[in-house]
Amino acid sequence: MEPEPQAIRAGDRDRDAVVQRLQEAFAEGRLDDEEFDRRSRAALTARLSSDLAVLTRDLPESTSQAPIAPRAAADRKPGRLAIAYKSSVRRAGRWQVPEQFRTVVYKGSGHIDLRAAELTAPVTTLFAVAYKSRIDVLVPLGVPVELDGFGVSKGWSAEEDLESRLPADAPVVHVRGIGYKGTIEVSTKPQGPGSLGQGSPDGRQLPG
């Protein structure tokens, strides 16, 4: 009987490559929210290469090198502003996030999902204003997040300590928000039905 191959320790690059493939699969609709969240957490905490391999073995090879849009569309600069007046704003899937992105929602709702997005700068700043509205901001696991403002709450995960082990040059997301009779909720996964942001059990209200 042939001896089992020796287990190889996983490195940061190995983990990053798997998380990127999971982001692509999520953007392609191959993974739902729960599966994407579970596999991403497993990838970021994997110790062996064999632990990483099982997370993508049922997914096709990466398609990141294949053109998915005409060149003219690919060369367009990402939009920097989204406004909703008694309606909704939604950004999700595989989209380019500019260095500074602003969204204003008046008596409506906002959904800004960065989990499968391409961050185009080392520090991405999201300015959000929610007037009698709710804006949900979903951020990738393992990305340091800084919050400023009032009416902003942070519904985090048990893996928040991953941030302390990231390299100094890891990308950072900075959320600066104003919630006037509204709320801006920042989390790593969608909140369940009935969550109210500021009152969620794992939320933390920032001082005004």
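In this predicted model, strand β7 (residues 123–131) and strand β11 (residues 172–180) run parallel and are joined by 9 bridges. Within this pairing, Y131 has Y180 of β11 as its bridge partner. On β7 there is also a pairing with β4, again in the parallel sense, over 7 bridges. Here Y131 of β7 stands opposite Y106.

These tyrosines belong to a cluster. Y85, Y106, Y131 and Y180 form one aromatic cluster. Within it, Y85 and Y106 form a stacked pair, with 5.1 Å from centre to centre and 5° between the planes. The pair links distant parts of the chain, 21 residues apart. Y85 lies in strand β1 (residues 81–85), and Y106 lies in strand β4 (residues 100–106). The two rings were also assigned an accessibility class. Y85 has 56% relative accessibility, so Y85 counts as exposed. Y106 has 27% relative accessibility and therefore counts as partly exposed.

A charged residue also meets an aromatic ring. R102 lies over the face of F127, at 4.3 Å from the ring centre.

The structure holds 5 aromatic pairs in total. A pair of aromatic rings is described by the distance of the centres and the angle of the planes. For F26 and F36, the ring centres are 4.4 Å apart and the planes meet at 15°, so this pair is stacked. Planes under 30 degrees apart count as stacked. F26 lies in helix α1 (residues 12–27) and F36 lies in helix α2 (residues 33–44), so the pair ties together parts that are 10 residues apart in sequence. F26 counts as buried because its relative accessibility is 14%. F36 also counts as buried, because its relative accessibility is 6%. The cut-off for buried is under 20% relative accessible area.

A further group of strands builds an open sheet. Its 5 strands follow the order β2-β5-β8-β12-β10, and the pairing is parallel. β2 (88–91) and β10 (152–155) stand at the edges. Each has a single partner strand, so one side of each is left without a neighbour in the sheet. From one strand to the next, the twist averages 15°. Inside this order, strand β8 (residues 134–138) and strand β12 (residues 183–187) run parallel and are joined by 5 bridges. D136 stands opposite E185 in β12.

Note on methods: Residues numbered from 1 in each chain as written. Predicted model: local features only at pLDDT ≥ 70, side-chain atom pairs only at ≥ 80, totals over all residues. Heavy atoms only, no water. Phe/Tyr/Trp six-rings, centres within 6.5 Å; stacked < 30°, edge-to-face > 60°. Helix = DSSP H or I, 4+ residues; strand = E, 2+ residues; numbered from the N terminus. Buried < 20%, exposed > 50% of the residue type's maximum accessible area, 1.4 Å probe, protein only. Lys NZ or Arg CZ within 6 Å of the ring centre and 35° of its normal. Pairing = 2+ DSSP bridges. Axes fitted to C-alpha atoms, helices over the stretch in contact; angles between N-to-C directions.
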